[in-house]
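Let's take a walk through this structure, one stop at a time. Have the chain open in your viewer and follow along.

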Amino acid sequence: MNSNLRTVKTFIWTLAFFTSMISCKTDNSFDYPLVFTGDVINISDSSATFTGKITNLGKYPISESGFIWSLYHNDNNGIKIRNIETSVGVFSLNTNQKLLPGKTYYLRAYVQTNNSLTFGREVSFKSGNEE
């Protein structure tokens with residue numbers, strides 16, 4: 001094996017190790033909760049399932065979490081779906097309103113405390129077409 005390839009492999013393994021160590025950290029080193037928007041699954045002409053993950057609770061109690069979704073990009077006032085459970089981990093919720101056929105929707109997971117509102121990245125999906 002040549003030296004450059006060995007160096008690249010060593011770098012990748014080192015990066016993977018440190019990434020896994022950081023992602024396994026569960027203390028409250030963050031002031032605010034961390035939330036990630038996951039995939040949209042089970043998309044049909046009438047509904048979809050949203051997934052998200054809370055990875056850190058932060059220093060302040062979570063009062064609410066869930067998803068905000070809309071036909072509009074970066075819409076903070078879209079349709080809200082509340083998650084009953086607010087602990088660290090993966091959660092999923094189904095749309096709470098019928099989808100318009102063939103439309104692109106945007107959504108973000110969110111976590112709210114008394115002091116902050118934190119969003120995951122925005123993802124988009126297209127609803128199914130009515131037959």
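Asn 42 sits in the loop between β1 and β2, where strands (E, at least two residues) and helices (H or I, at least four residues) are DSSP runs numbered from the N terminus. Its phi is near 55 degrees, a positive value in a residue other than glycine. Asn 42 is also exposed, at 58% relative accessibility; here buried means under 20% relative accessible area, exposed over 50%, and partly exposed in between, with a 1.4 Å probe and protein chains only.

Before going on, a word on what you're looking at. This is a predicted model, in which local features need pLDDT of at least 70 and side-chain atom pairs count only at pLDDT 80 or more, while totals for chains, interfaces and linings use all residues. Residues are numbered from 1 along each chain as its sequence is written, and side-chain values use heavy atoms, with hydrogens and water left out.

Now zoom out. The protein chain has one helix and eight strands, and reading along the sequence gives you α-β-β-β-β-β-β-β-β. Of its 131 residues, 31% count as buried. Take the contacts (heavy atoms within 4.5 Å) with a separation of 6 or more: residues 24 or more positions apart account for 64% of them. The accessible surface of the protein chain is about 8500 Å², and 54% of that belongs to carbon and sulfur atoms; the areas come from the Shrake-Rupley method with a 1.4 Å probe, and for residues only the protein chains shown count as cover.

Next, the charged pairs. How many salt bridges does a search of the whole structure find? It finds three, taking a salt bridge as a side-chain nitrogen of Lys or Arg within 4 Å of a carboxyl oxygen of Asp or Glu. One of them pairs Asp 31 with Lys 59, with the closest N and O atoms 3.0 Å apart. Asp 31 is in the loop between α1 (3-23) and β1 (34-41), and Lys 59 is in the loop between β2 (49-56) and β3, so this pair ties together parts that are 28 residues apart in sequence. Asp 31 is partly exposed at 35% relative accessibility, whereas Lys 59 is exposed at 55%.

Since Lys 80 lies in strand β4 (residues 79-83) and Glu 64 in strand β3, the pair ties together parts 16 residues apart in sequence. Glu 64 forms a salt bridge with Arg 82 too, with the closest N and O atoms 3.6 Å apart. That pair links distant parts of the chain, with Arg 82 in strand β4 and Glu 64 in strand β3, 18 residues apart. Through shared partners, Glu 64, Lys 80 and Arg 82 are joined into one network. As for accessibility, Glu 64 is buried at 13%, Lys 80 is partly exposed at 38% and Arg 82 is exposed at 52%.

Follow the chain on to Ile 84, in the loop between β4 and β5 (89-94). Ile 84 is exposed, with a relative accessible area of 85%. Its C-alpha atom is 7.7 Å from that of Ser 65, which is 19 residues away along the chain.

Leaving out residues up to four places away in sequence, Thr 118 touches Tyr 32, Pro 33, Val 35, Ala 109, Tyr 110 and Val 111.

Last stop: the empty space. Rolling a probe the size of a water molecule over the atoms shows where such space is left. A cavity is a set of points, on a 1 Å grid over the protein atoms alone, where a 1.4 Å probe fits but cannot get out, and its lining residues have an atom within 4 Å of a point. Among the residues lining the largest cavity are Trp 69, Tyr 72, Asn 74, Arg 108 and Glu 122. The elements giving two or more residues to that lining are β3 (62-70) and β6 (104-113).

Asn 74, from that lining, lies in the loop between β3 and β4. Asn 74 has a positive phi of about 55 degrees although it is not a glycine, and at 44% relative accessibility it is partly exposed.

Key. 1 Å grid on protein atoms, 1.4 Å probe; cavity = no way out; pocket = protein on both sides within 12 Å on 5 of 7 lines; lining within 4 Å.
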